[in-house]
Structures are given as structure tokens and as C-alpha cells.
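Here is a friendly briefing to read alongside the structure. Have the viewer open and follow along topic by topic.

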Amino acid sequence: MLPAEIEDLLRREAPRVLGALVRRYGHFDLAEDAVQEALLAAATRWPAEGVPERPRGWLLTVASRRLTDLLRAESARRRREDTIARRVLPDERLAPAADRAPADTDDTLVLLFLCCHPALTPAGQIALTLRAVGGLSTAEIARAFLVPEATMTRRISRAKQRIAASGIPFAPPDRTEYAGRLGAVLRVLYLIFNEGYASTAGPRLARTELTGEAIRLTRLVHRLLPADGEVAGLLALMLLTDARRPARTGPAGELVPMAEQDRSRWDAEAIAEGIALVTAALPRGPTGPYQLQAAIAAVHDEAGCAADTDWPQILALYEVLLRVDGSPVVRLNHAVAVAMVRGPRAGLDALDALDAQVRLGDHRPDAVRGHLLELAGELPAARERYLAAAARATSLPHQRYLHARARRLPGPDEPGTQA
Amino acid sequence: MKYMILLFGSQRDYDAMAGRPGAEPAWTGEDVAKLAEFMESWWAEVVESGEAVDAQGLTAPVHARRVQLVDGAPVVTDGPYAETQEVLAGYNIVDCDSFDRAVEIAARLAGTPHPAGALPDRGWYVDVRPVASGAEDSLA
């Protein structure tokens with residue numbers, strides 16, 4: 001087996017082994033150290049000695065032995081320190097729940113539920129998921145989020161401490177909280193994808209290592225829960241969005257809006273997979289926000305050119321989406337769809353209604369307003385909005401894009417023709 | 001010992017880089033890409049040598065808010081800087097064996113690519129300052 005294949009195998013097995021270990025012994029923190037050491041042993045020995053017949057069993061044995069050592073050292077230390085408050089393992093305190101998953105359930109999923117537990121902060125959920133389930137090193141995660149490694153180390157150990165302190169059991173959530181807990185998992189995966197795609201920091205627009213990892217993890221969850229429409233919807237949304245990435249930036253890293261993108265550079269394979277996923281999920285219902293967003297992305301991706309976009313269908317999908325998710329961003333996009341179907345004036349009216357109720361506090365409302373005013377032929381006003389949006393934008397690519405739009409339009413003192 | 005390398009810029013510099021209509025000199029997309037590449041590889045070397053601690057860039061001065069005491073009450077002012085006033089634009093913290101080594105790293109920034117005329121009249125500079133690591137240091 002090639003080193004790359006061994007690495008793939010190890011990354012696939014890591015969350016399963018960690019999950020199995022935590023299920024048996026508790027001690028998330030020490031179990032993680034034990035699994036890391038087992039993985040390291042495998043990474044150094046397998047390329048030379050060959051991969052054992054049952055790799056997972058091998059890893060589990062080595063990790064269990066290491067964990068026993070660590071627990072022994074830990075308990076000796078505790079005795080030395082004369083610790084009175086002995087922690088009771090969740091397994092010892094609680095009888096197994098009646099609906100507890102049978103032992104052959106993939107522990108990866110339970111591990112994901114643990115890492116995305118609502119008791120953790122979003123930053124902690126993300127870091128722990130990438131580390132424990134994604135198998136990335138702390139240094140890799142720190143680099144992806146552009147923070148110092150020490151910061152990421154602290155973030156991860158705080159999350160682990162919180163799990164230890166709150167005694168969160170390593171068990172699948174029961175039926176009453178299942179949907180909410182799965183929702184938290186999907187939100188974390190979506191945040192990881194978005195951080196990579198929309199990149200809130202740095203001069204670059206996309207950090208592909210994060211989008212790639214988010215897609216890999218969501219694919220994993222989809223394999224574990226093939227019947228869940230929202231899992232399929234999220235995977236489809238990621239694929240359909242990421243498919244446009246090659247066309248989203250120009251040669252110098254500048255932002256290219258969807259209408260002007262070279263669609264031959266879109267990833268046809270990813271689009272086909274995304275469309276197939278959302279098409280299969282939609283009729284199964286109930287239709288959640290990820291499926292709806294994926295369906296909207298699919299309509300965009302299906303259009304051979306911007307002019308062919310089926311805007312009435314997109315508008316209809318946004319109307320449904322608004323009923324489940326009335327967030328400012330969705331309403332902003334809805335206003336754009338209104339403009340594309342009923343004309344820029346109708347879109348501007350929808351924006352006015354939006355402004356009266358919420359403030360996004362960033363550049364997007366001004367950018368959309370500029371675009372719609374430009375479509376309506378009110379060029380000096382459009383220019384002003386683009387400039388206002390650029391002044392609010394904090395990322396250099398966005399600022400440069402908005403300034404470029406403004407530069408093409410005449411100023412208030414020169415009501416001439418469009419440049 | 002930790003050292004902070006401080007980089008400065010004015011609102012005018014930020015506007016030029018962001019391609020604001022009328023701002024001089026006009027930075028092209030290639031100019032911006034070249035700068036980003038330079039800064040990335042400069043910092044990547046420091047990360048590689050194990051001396052990198054932290055790096056942050058700050059948004060334009062127009063986004064700044066100043067909180068100051070006026071007649072005993074805190075008053076907030078938006079973007080209180082003049083167009084050409086140099087303010088902190090970003091910093092890099094390095095952990096080096098010597099002040100000379102930190103200065104050596106900072107001096108490589110003198111090769112930062114930029115379009116002709118982008119350097120303000122004051123010329124180019126960065127500051128390198130030792131970070132006070134504890135109470136003892138700061139009181140010494």
C-alpha cells in the first residue's frame with residue numbers, strides 16, 4: 001500500500017478507533033492522546049512492515065494498551081496528589097439508555113455528536129471536530145484558521161476540559177434531542193465550509209483545505225445517515241457551491257461575480273453529484289433549509305449562461321426558504337431574486353422593507369442596492385452605493401471588486417453615458 | 001525574547017490598494033497579488049524557522065472607532081484619522097534569539113513590491129519593538 005493510501009486509511013479509521021475507545025473507557029482527553037500515539041506507530045511501521053489484516057483491530061489494541069498506561073499514570077498521580085473528588089465515569093453512573101445504539105453503530109457519528117455538543121462554543125466545536133473526527137493536527141487547523149498554534153491548542157484543550165467537566169456521556173442523543181443535535185453537527189460542518197469558501201481573513205478568497213475537509217466530513221455523515229434529507233442537502237449545497245470555485249477568482253485573485261464567470265470552468269462532476277443528491281432528497285421530505293439552498297444552487301449551476309438562469313424558480317424556492325429561515329442574508333438574496341423576476345424597482349422595494357427591519361452591518365445591502373440601481377439605469381446613485389459598500393467591506397478582494405464597479409459608472413457631476 | 005514588527009499606513013494608502021476611484025497610485029490586480037504573495041512567503045519563512053508567534057492585519061483607519069473621555073463621559077468617534085495620517089496597519093510578533101535577528105527579519109520587508117509612486121513622502125519604515133514579557137521586564 002502506498003504511503004498516501006495508508007494515510008487515507010488512517011484518517012478514515014481514526015474517528016472510529018477514538019469513538020470505540022471513548023465508548024469503552026470514557027476519558028476523551030486521554031483517549032485522544034492514546035489514539036494519536038497508535039496512529040503515529042502505524043504511520044511509521046505499516047509502510048515498512050505492511051498493513052495488518054485487520055487495521056482497525058490493530059489500532060484499537062495499540063490505543064487501548066496505551067490508554068491503560070495513561071490511565072494508570074493518571075491514577076497514580078491522583079493518588080499522589082491525594083485527590084478526593086474522584087470522577088465517576090459516565091458509564092458507571094448511568095444505566096445504558098434503552099435506545100442506546102447497538103455496539104456495531106459507527107462510532108464516528110457518536111464522536112461527531114460529542115465534538116459538536118451544544119455545551120461547547122462554536123469555535124471549540126469546530127476545532128475539536130477537525131481534530132478528533134477530521135484527524136488534522138493542531139498545527140494544520142491553526143494554519144487553516146490563520147491563528148497561532150498556541151491559540152488553537154488552548155481552544156482544543158478548553159473544549160476537552162469542558163467535556164470532561166460537564167460529564168457529557170459518550171452516547172448517541174435520544175430521540176427527543178436527536179434532530180437538534182444533528183442540526184448542531186451540520187451547522188459546524190457548514191461553518192467549516194464557509195470559513196474556507198468565504199474566508200473571513202487574509203488576502204486570499206478561498207482556503208481550499210477547509211472546504212475540502214468540510215466536504216469530506218459531510219460525505220462521511222451522509223454515508224452514515226443516507227436517509228437524512230438535510231445531510232444530503234448540505235453535502236449537495238457544498239458540492240454545488242464549491243463547483244464554481246475555479247471560476248470565482250480571476251488571474252490576479254480578483255473576485256468574479258457569478259453572472260460573469262466562465263461557466264466552462266465550473267466542476268461538472270461536482271455539479272452532477274450535487275444535483276443527483278438534492279433531486280433524490282427533495283421528494284422524501286420534510287424539506288429543510290439546506291435542501292432548499294442546495295436546490296437554489298442547483299438551478300444556478302444548471303444554467304448554461306447567466307441569462308438562461310431560471311429566476312422564477314429561484315424566487316419560488318426563496319419564498320419557501322423564507323418561511324423556515326427569515327435571516328437577513330436569506331431576505332437579501334430573496335430581494336435579488338425579486339428584482340430578477342419582477343424588475344429592479346420591485347427588488348429595491350423589497351430591500352427598503354428589509355432595511356427598515358434589520359441591519360446587516362456589512363457591505364452586502366449596499367452592494368445589492370448598487371447592483372439593482374445600476375440595472376434600473378440610475379447610474380450616479382448606483383456608483384454612490386458601490387462606494388458606500390466598498391467603505392464597509394473589510395476584505396481587499398471585495399473592496400477592489402466594488403471599487404471597480406463604481407469606476408465604470410459616471411459620478412454625480414457627470415451625468416453622461418455609461419463608460 | 002519576543003519582538004513586535006509594526007507596519008504603518010494611512011487611509012490614502014488603504015484606498016489606493018483597494019482601487020478606490022481617484023486614489024493614487026492606482027494599484028492593479030497584479031500589484032495586489034504580488035504584494036500578497038510577497039507577504040505570504042516572507043511570513044512562511046518565519047513560520048518555517050519556528051520564530052512566528054502571531055500576525056494580524058488591521059482594516060482601514062476609516063473603520064476605527066475612538067473612545068475618549070469628554071467631560072467625564074466616554075464618547076465614541078468614528079474613523080478619527082486624517083487621510084494622510086500614518087496609523088498602525090498590522091503587526092507580526094516573532095520570537096527570536098536576539099534583537100538583531102528580529103531586525104534582520106523585519107529588514108526583508110524593505111523589498112516589499114509596490115507600484116511606482118506608492119511610497120509616501122516620508123519614505124519606508126517599519127518599527128521593531130521588544131515585547132515586555134512580564135512584570136519584571138516592564139518595570140525594569
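What follows covers chain A, then chain B, with the folds and a few backbone details for each.

Please keep in mind that this is a predicted model. Chain A has 20 helices and zero strands, whereas chain B contains an open sheet of four strands. The points below take these two chains in turn.

**Chain A: overall layout**

- Chain A is split into three parts: domain 1 spans 4–84, domain 2 spans 108–321 and domain 3 spans 322–409.
- Between the C-alpha centres of domain 1 of chain A and domain 3 of chain A there is a separation of 52 Å.
- Chain A has 419 residues, and 48% of them count as buried.
- Among contacts in chain A with a separation of 6 or more, 62% come from residues 24 or more positions apart.
- An unreviewed UniProt entry lists residues 113–163 of chain A as "domain: RNA polymerase sigma factor 70 region 4 type".
- That span, residues 113–163 of chain A, is 73% helix and 0% strand, and its end C-alpha atoms are 12 Å apart.

**Chain A: nonpolar cores**

- As general background, nonpolar side chains tend to be buried together in soluble globular proteins.
- The largest nonpolar core holds 101 residues, and the members that touch the most others are F28(A), L59(A), L111(A) and L130(A).
- Helix α2 of chain A (residues 28–49) supplies the largest share of this core, with ten residues.
- Another core lies apart from that one; it has 21 residues, including L351(A), A367(A), L387(A) and A390(A).
- What does L130(A) touch, not counting residues up to four places away in sequence? The list is G135(A), L136(A), I141(A), F145(A), I192(A), L210(A), E213(A) and L217(A).

**Chain A: a backbone detail at H27**

- H27(A) is not a glycine, yet its phi is positive, at about 55 degrees.
- The residue sits in the loop between α1 (3–25) and α2 of chain A.
- Is H27(A) buried or exposed? With a relative accessible area of 18%, H27(A) falls under the 20% cut-off and therefore counts as buried.

**Chain B: the four-stranded sheet**

- Strands of a sheet pair through backbone hydrogen bonds, in either a parallel or an antiparallel sense.
- In chain B the strand order is β2-β5-β1-β6, the sheet is open and the pairing is antiparallel.
- Why is one side of β2 (52–57) and of β6 (127–130) of chain B left without a neighbour in the sheet? Both strands stand at the edges, each with a single partner strand, so one side of each has no neighbour there.
- On average, neighbouring strands of this sheet are turned by 20 degrees against each other, direction ignored.

**Chain B: helices across the strands**

- Helix α2 of chain B (residues 29–48) lies across β1 (2–9), β2 and β5 of chain B, and runs at about 160 degrees to β2(B).
- Helix α3 of chain B (residues 99–107) lies across β1, β5 and β6 of chain B, and runs at about 30 degrees to β1(B).
- The peptide bond between E24(B) and P25(B) is cis, with omega about -10 degrees.
- P25(B) is found in the loop between α1 (11–17) and α2 of chain B.

**Chain B: the hairpin of β3 and β4**

- β3(B) and β4(B) run antiparallel and are joined by six bridges; V67(B) has V76(B) in β4(B) as its bridge partner.
- This hairpin of β3(B) and β4(B) has two residues between the strands, and D71(B) takes a positive phi near 50 degrees there.
- Is D71(B) buried or exposed? D71(B) is exposed, with a relative accessible area of 81%.
- How many of the six residues of β4(B) are buried? The number is zero, so β4(B) lies largely in the open.

**Chain B: annotation**

- In an unreviewed UniProt entry, the annotation "domain: YCII-related" covers residues 52–108 of chain B.
- Over residues 52–108 of chain B, 16% is helix and 47% is strand, with the end C-alpha atoms 15 Å apart.

Notes
Residues numbered from 1 in each chain as written. Chains lettered and ligands numbered in written order. Predicted model: local features only at pLDDT ≥ 70, side-chain atom pairs only at ≥ 80, totals over all residues. Heavy atoms only, no water. Domains from an automatic or database assignment. Pairing = 2+ DSSP bridges. Axes fitted to C-alpha atoms, helices over the stretch in contact; angles between N-to-C directions. Contact = heavy atoms within 4.5 Å. UniProt positions renumbered as here; feature names shortened; annotations may be inferred. Core = buried A, V, L, I, M, F, W, Y, C linked by side-chain atoms within 4.5 Å. Buried < 20%, exposed > 50% of the residue type's maximum accessible area, 1.4 Å probe, protein only.
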